[in-house]
Amino acid sequence: MINKYFASFALILSFLLISFSSSAEKGTIKGTVSDVTTGETLIGVHISYAPGKGVITDKNGNYSIELEYGDYEIKYSYVGYEQMTKKV
């Protein structure tokens, strides 16, 4: 009897979690990474927003990240350049 109620509760809880996760508001962070001295766009810059999560700039130095609204530290790293961190 208890297992039947627990199964029903678990099923209802999973529906609620799915509803909350799908209704979270999201925003987009996008930009272009370039060398400050030459103005040349940089291909393959790693941009991370959480441990193990990030994107890489395309052939034009552009990137786009879709995230839930909140506070993030965006880290930019590229071979031969000093790493930069921005809070957004």
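This is a predicted model: local features need pLDDT of at least 70, side-chain atom pairs count only at pLDDT 80 or more; totals for chains, interfaces and linings use all residues.
## Burial and overall surface

A residue counts as buried at under 20% relative accessible area, as exposed at over 50%, and as partly exposed in between, using a 1.4 Å probe and protein chains only. Residues are numbered from 1 along each chain as its sequence is written, and side-chain values use heavy atoms, with hydrogens and water left out.

The accessible surface of the protein chain (Shrake-Rupley method, 1.4 Å probe; for residues, only the protein chains shown count as cover) is about 7,100 Å², and carbon and sulfur atoms hold 58% of that area.

## Fold and contacts

Let's walk along the chain: its pattern reads α-β-β-β-β-β-β, giving 1 helix and 6 strands. These are DSSP runs numbered from the N terminus, with helices being H or I of at least four residues and strands E of at least two.

Among contacts (heavy atoms within 4.5 Å) with a separation of 6 or more, 46% join residues 24 or more positions apart.

Ser48 sits in strand S2, residues 46-50, and is buried because its relative accessible area is 16%. Leaving aside residues up to four places away in sequence, Ser48 touches Lys53, Gly54, Glu73, Ile74 and Lys75.

Lys86 belongs to strand S6, residues 84-87, and its 43% relative accessibility makes Lys86 partly exposed. The C-alpha atoms of Lys86 and Ile74 are 5.2 Å apart, although 12 residues separate them in sequence.
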